[in-house]
Amino acid sequence: MTTSQQPQDRYKAVWIIFFMLGLGTLLPWNFFMTATQYFTNRLDQSQNVSSFAVKLDGDIQASAVPTAPPLERSSLSVIFNNVMTLCAMLPLLLFTCLNSFLHQRIPQAVRILGSLLAILLVFLITAVLVKVPVDALPFFVITMVKIMLINSFGAILQGSLFGLAGLLPASYTTPIMSGQGLAGIFASVAMICAIASGSELAKSAFGYFITACGVIVLTIICYLGLPRLEFYRYYQQLKLEGSGEQETKLDLISKGEEPRAGKEESGVSAPSSQPTNKSHSIRAILKNILVPALSVCFIFTITIGVFPAVTAEVKSSIAGSSAWENYFIPVSCFLTFNVFDWLGRSLTAISMWPGKDSLWLPSLVLARLVFVPLLLLCNVYPRQHLPVFFEHDAWFIIFMAAFAFSNGYLASLCMCFGPKKVKPAEAETAGAIMAFFLCLGLALGAVVSFLFRAIV
């Protein structure tokens, strides 16, 4: 009876828009990370040019000055990756937490569109700076500020999108996760193409940043078209009607106009009681979704703990093949991970086993711990403590494929199930809380990665 009056997602338009929103959430940041070599190389060049200028100003004999300054790694480029991780994860965690509590006070359109426009502005500035010479220290500071801004607004955007998807059927979290997985594939392919073309780092980076701007503009257009779709409006209305009821709204449609009347009758008392029960409501929601929330946190803690901090340090066991050595990490580490992670995320559109209340789900999540010793015992160098047990490249590729697939599939399941363990009116809050635990896992993984790398 309910399904007969429920609108259909014609041409999968809402599904495709959510896929594009997921792609637009992570593709810009993935391109930014792909250009890491550009940033470190530019820091080295700026530092050496500055040092060379200082020598010239120091009344040093021309004969004693080398004709070209030697390209040495500056201290800023050495610490770039560690500082970048810190500047990325802390704002990501902080603003995801804030979004979990403040999303009810700030309109959804303001959070999503405002975040997309802010990220677009940051990438436009980044693209312009590729052509502008800047000294090493100011360039380093500006880059870190941009990283903090990108991840702050990215946290608000991601939390809002998962909250938005929580209003729809569980399968509509899958396109967001799938789009995010495809973003990693694009970045990996772009990295491989840049190596194959032999183009300059600055040209490759400029292409990354301009492409990211184009994707963000396309994402904004997709979001603006979302409210025009009847399928989406139906679930938005379901949320509004559900907020004024005391019981679950699984039979809303069968009541015709009755839910609207109920909403009007309870419209006077609801505002006065809501603020006093808000903290209690969040605690109740967290209690209901605690298992999938902790599960997704653990999944990403293990994943980021070894990828890419450990996996990017694996060396090829095939000697004498310089071409394969150049492509080994981009292909076997980054491309393999992103492809199988995307396949795992996309599989939840077909199969959602185990169920949301099954004990198999947390059991499989805990079982991913086995990948930590398996990957640490691969051909990681430099190493000081552990022996190399899986030396051949094939072992590493097999482990990476299984590691990535399990990450994508289990994380997508958890993100789908979380909002469905609460009432429809609480689904958006549950989705935002799930996004917070996802980011918490990323932050914990970044911390644990130092430990895992030290163990090797």
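Visitor: At what angle do helix H2 and helix H9 pack, and how far apart are their axes?

Guide: Happy to walk you through this predicted model. Helix H2 (residues 13–34) and helix H9 (residues 201–225) pack at about 160°, and their axes are 9 Å apart. Angles over 145 degrees count as roughly antiparallel, so H2 is roughly antiparallel to H9. The crossing of the two helices is left-handed.

Visitor: Which residues in H2 meet which in H9?

Guide: On the H2 side, look for Ile17, Met20, Leu21 and Gly24, among others; on the H9 side, the partners include Tyr208, Phe209, Ala212 and Val215. Sorted by class, this contact has 15 nonpolar, five polar and no charged residues.

Visitor: Now the rings. How many aromatic pairs does the structure hold?

Guide: There are 27 aromatic pairs. One of them joins Phe123 and Phe209, with 6.2 Å centre to centre and 55° between the planes, which is a tilted arrangement. Phe123 sits in helix H6 (residues 108–129) and Phe209 in helix H9, 86 residues apart, so this pair links distant parts of the chain.

Visitor: Are Phe123 and Phe209 buried or exposed?

Guide: Buried means under 20% relative accessible area. Phe123 is at 0% and therefore counts as buried; Phe209 is buried too, also with 0%.

Visitor: Where do Phe337 and Phe403 lie?

Guide: Phe337 is in helix H14 (residues 322–347) and Phe403 in helix H17 (residues 393–417), so their pair ties together parts 66 residues apart in sequence. Both are buried.

Visitor: Which residues do ring pairs link into a cluster?

Guide: Trp29, Phe32, Tyr38, Phe39, Phe123, Phe139 and Phe209 are joined this way.

Technical notes: Residues are numbered from 1 along each chain as its sequence is written. This is a predicted model: local features need pLDDT of at least 70, side-chain atom pairs count only at pLDDT 80 or more; totals for chains, interfaces and linings use all residues. Side-chain values use heavy atoms; hydrogens and water are left out. Axes are lines fitted to C-alpha atoms, for helices over the stretch in contact, and angles run from 0 to 180 degrees between N-to-C directions. Helices (H or I, at least four residues) and strands (E, at least two) are DSSP runs, numbered from the N terminus. Angles under 35 degrees count as roughly parallel, over 145 as roughly antiparallel, 65 to 115 as roughly perpendicular and the rest as oblique. A crossing is left-handed if the near helix is turned anticlockwise from the far one by less than a right angle, and right-handed if clockwise. Contact means heavy atoms within 4.5 Å. Ala, Val, Leu, Ile, Met, Phe, Trp, Tyr, Cys and Pro count as nonpolar, Asp, Glu, Lys and Arg as charged, and the others, Gly among them, as polar. Rings of Phe, Tyr and Trp (its six-membered ring) pair if their centres lie within 6.5 Å; planes under 30 degrees apart count as stacked, over 60 as edge-to-face and the rest as tilted. Buried means under 20% relative accessible area, exposed over 50%, partly exposed in between (1.4 Å probe, protein chains only).
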